Each structure stands twice: as C-alpha cells, then as structure tokens.
Amino acid sequence: MHTHYPPVQNINDFFETYAQALEGHNAKGMAYLHMIPTTMLSDDAYTVFSDASKLEGFFNQGVSFYRQMGIAYIRAEVWSNLNLTQRIARAKVRWAYSDALHQPVYSCEYDYVLKLDKNNQWRIILSVSINEKENMEAWKGRNES
C-alpha cells in the first residue's frame with residue numbers, strides 16, 4: 001500500500017509566504033511557518049520555543065521593532081537550498097529590508113533547517129542568524145550620527 005502525499009511545497013514559495021507575513025506584521029502567520037519546538041540561534045543567543053503563543057509574542061516584538069525602524073518592504077532571496085534527506089532541507093536566505101520609498105534599510109543572512117509536515121508544507125525547525133545584529137547595529141550607527 002502506497003501513501004499518497006500532496007506535492008512538496010517549493011522552498012522559494014515558502015520564503016515568499018514568510019516575507020509576506022513579516023511585511024504584513026502577521027505574527028501568527030510567521031509562527032505557523034515554524035514547527036514547534038523550534039530553535040533560534042545566533043552568536044549571543046540560543047532560544048527554543050516549545051509554545052506557539054510564545055513564538056508569536058516574540059514575532060510581535062520583532063514586527064513592532066521593524067515598524068519603529070520604518071521598514072515597509074521585505075524581500076527574501078533564497079541563495080541556496082539543499083535537501084539533506086527526503087523531508088529535511090537547509091536553506092541560506094538573504095533578507096532585504098526597505099523603507100516606504102523602497103530605499104534599502106539593511107540586509108542580513110540566515111541559515112534555516114526546514115522539515116516537511118504531514119501536508120508536505122515546509123516548516124522551520126532551526127533559524128541561525130548569521131549577521132542580523134551586526135548589520136542592524138551598523139545601520140543604526142550610520143543613522144544616529
């Protein structure tokens with residue numbers, strides 16, 4: 001007996017959906033794109049979210065911060081993606097943040113590990129911030145002078 005799975009979601013489409021949720025300040029939509037528990041990692045932080053509502057709260061803080069910075073447009077460029085197994089992939093994404101006039105604010109890179117759920121939709125299980133904090137602080141430094 002052969003189980004029929006729906007077609008696998010395209011990784012570029014997944015990150016397009018993620019960018020739209022981010023741009024639309026949709027914290028619930030962003031949390032939904034993660035598998036719970038999910039892990040967020042950077043040089044100075046390590047957080048595991050085992051509760052979707054706490055993850056949503058974390059994203060709510062993020063979107064209000066983006067609003068304060070004047071970020072209106074967000075684009076995700078998938079630089080590479082690699083299937084590690086049939087149901088696990090790794091993607092390197094460059095996020096580009098722009099203001100209401102489409103002027104660049106800052107950009108940063110993330111590495112993600114994603115896993116297919118039972119509906120063959122990708123969900124993030126690990127987010128690694130490569131340089132967001134440094135790039136954001138550099139931008140703030142240039143704009144506070």
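Contact is taken here as heavy atoms within 4.5 Å. On this basis, residues 24 or more positions apart account for 53% of the contacts in the chain with a separation of 6 or more. The structure is a predicted model, in which local features need pLDDT of at least 70 and side-chain atom pairs count only at pLDDT 80 or more, whereas totals for chains, interfaces and linings use all residues. Residues are numbered from 1 along each chain as its sequence is written, and side-chain values use heavy atoms, with hydrogens and water left out.

The chain contains four helices and six strands, where helices (H or I, at least four residues) and strands (E, at least two) are DSSP runs numbered from the N terminus. Their order from the N terminus is α-α-β-β-α-β-β-β-β-α. The radius of gyration is 16 Å, close to the 15 Å that the globule rule gives for 145 residues, so the chain is as compact as a globular protein of that length. The radius is taken over C-alpha atoms, and the rule is 2.2 Å times the number of residues to the power 0.38. Along its principal axes, the C-alpha trace spans about 65 × 30 × 25 Å. Of the 145 residues, 38% are buried; buried means under 20% relative accessible area, exposed over 50%, and partly exposed in between (1.4 Å probe, protein chains only).

The largest nonpolar core has 37 residues, and those with the most contacts inside it are Phe15, Tyr18, Leu22, Trp95, Tyr97, Tyr106 and Leu114. At least two residues of this core come from each of helix H1 (11-23), helix H2 (27-32), helix H3 (52-68), strand E3 (73-83), E4, strand E5 (104-116), E6 and H4. Such a core is a set of buried Ala, Val, Leu, Ile, Met, Phe, Trp, Tyr and Cys residues joined through side-chain atoms within 4.5 Å.

Trp95 lies in strand E4 (residues 88-98) and counts as buried because its relative accessibility is 2%. Beyond four places in sequence, Trp95 touches residues including Phe15, Tyr18, Leu22, Ile74, Tyr106 and Tyr112. The side chains of Trp95 and Tyr112 are also joined by a polar contact of 2.9 Å. A polar contact is a pair of N or O atoms within 3.5 Å; within protein, one must be able to donate a hydrogen and the other to accept it, and residues adjacent in sequence count only if both atoms are side-chain atoms. Trp95 and Glu109 are 14 residues apart in sequence, with a C-alpha to C-alpha distance of 6.1 Å.

The side chain of Glu109 makes a polar contact of 2.7 Å with that of Asn131. Asn131 is in the loop between strand E6 (122-129) and helix H4 (132-144) and, at 15% relative accessibility, counts as buried.

Strands E1 (residues 34-42) and E2 (residues 45-49) pair in the antiparallel sense over five bridges, pairing being assigned if DSSP finds at least two bridges between two strands. A hairpin through two residues joins E1 to E2. Pro37 is placed in E1, and the peptide bond from Ile36 to Pro37 is cis, with omega near 0 degrees.

Most residues other than glycine have a negative phi, and most peptide bonds are trans. His25, in the loop between H1 and H2, has a positive phi near 55 degrees and is partly exposed at 28% relative accessibility. His102, in the loop between E4 and E5, has a positive phi near 65 degrees and is exposed at 51% relative accessibility.
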